[in-house]
Amino acid sequence: METIKFGNVTFSYPLSDRKALDDISFEVEKSKFIVVCGKSGCGKTTLLKHMKKNLKPYGNFQGSVTYCGDEIEDLDDRRNAAEIGFVQQNPDNQIVTDKVWHELAFGLESLGCDTPKIRLRVAEMAAFFGIEKWFYQNVAELSGGQKQRVAIARALAMDPEVMLFDEPTSALDPEMVGEVLNVMKQLALEGMTMVVVTHEMGFAREAGDRILFMDEGVIAEENTPDELFNHPVNERTKSFLSKIL
């Protein structure tokens, strides 16, 4: 069974005549890495937020978005928090504690996990992401790339089934972009189910299993990276790629 499925989803924001999403249908299979790209304002972030219950935007919605066969909006809060991880664009918008170690433990504490489990998961994430050297530092002292790494580690500490990334490198200095992208490549190699909104086309081409190209609220083209970059069939896709490659 697919992990996430969109069925004929149409959405518009209140008081807007424009459809932010227009009859969207696609599936995210388990252990696949889906990249969503397109110019600013095409609906990428709106699409991604419909995959996370507490981030689903308010507006006029039609269609169906399911997670493992269940409607996203019907998931209980614990399952939504534990099984679907979300990393935002700006790392400063998702930091909630003062110390790195506490940030890593925060989600598990919120779920009521026992202390031994929290300590084990936090230690595992610290080792996996190579953040032991700044484990006890104040989060405010970290660079943007380090903060984003902590945000990803915190989400993964909860052992989610799927990770959603909303342009996680857009607020970072150029030298920090590679750091975060390398972490995401490693997750792809580990078989994590991921949906990533990004403008990093080199990364999308190298790491993605499938790419969704969005334009004006629709999926203009969906294909493998090789086919989409080398043999695009949609004129809007061709125009977009010609400007960035």
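pLDDT is the predictor's confidence in each residue, on a scale from 0 to 100. The model is predicted, and its average pLDDT over the protein is 90. A score of at least 70 is reached by 99% of the residues. Confidence is highest in β1, with a mean of 97, and lowest in α9, with a mean of 80. The description of α9 below should be read with that value in mind.

**Helix α9**

Helix α9 runs over residues 235–244, and its buried residues are T237, F240 and L241. Seen down the axis of α9, these buried residues fall within an arc of 95°, so they line one face of the helix. An α-helix has 3.6 residues a turn, so residues three or four places apart point the same way. On the face of α9 turned away from the buried side are the exposed residues E235, S242 and K243.

Several elements take part in covering the buried residues of α9, including the strands β3 (33–37), β9 (210–215) and β10 (218–223). The helices α7 (201–207) and α8 (225–230) also belong to this cover. At the start of α9, the backbone nitrogen of R236 has a side-chain oxygen of N234 within 2.7 Å.

**Cysteines**

How many disulfides does a search of the whole structure find? The search finds 0. For C37, the closest cysteine sulfur is that of C42, at 8.0 Å, which is too far for a bond; a disulfide needs the two sulfur atoms within 2.5 Å. C113 is in no disulfide either, and the cysteine sulfur nearest to it belongs to C68.

| Cysteine | Nearest cysteine sulfur | Distance |
|---|---|---|
| C37 | C42 | 8.0 Å |
| C113 | C68 | 19 Å |

Are C37 and C113 buried or exposed? C37 is buried, at a relative accessible area of 1%. C113 also counts as buried, with a relative accessibility of 18%, because the cut-off for buried is under 20%.

**Proline 14**

P14 lies in the loop between β1 (4–12) and β2 (21–28). With a relative accessibility of 40%, P14 counts as partly exposed. Leaving aside residues up to four places away in sequence, P14 touches Y58 and G59. M125 is 111 residues from P14 along the chain, and the C-alpha atoms of these two residues are separated by 40 Å.

How values were computed:
Residues are numbered from 1 along each chain as its sequence is written. Side-chain values use heavy atoms; hydrogens and water are left out. Buried means under 20% relative accessible area, exposed over 50%, partly exposed in between (1.4 Å probe, protein chains only). Helices (H or I, at least four residues) and strands (E, at least two) are DSSP runs, numbered from the N terminus. The arc is that of the directions from the helix axis to the C-beta atoms. Contact means heavy atoms within 4.5 Å. A polar contact is a pair of N or O atoms within 3.5 Å; within protein, one must be able to donate a hydrogen and the other to accept it, and residues adjacent in sequence count only if both atoms are side-chain atoms.
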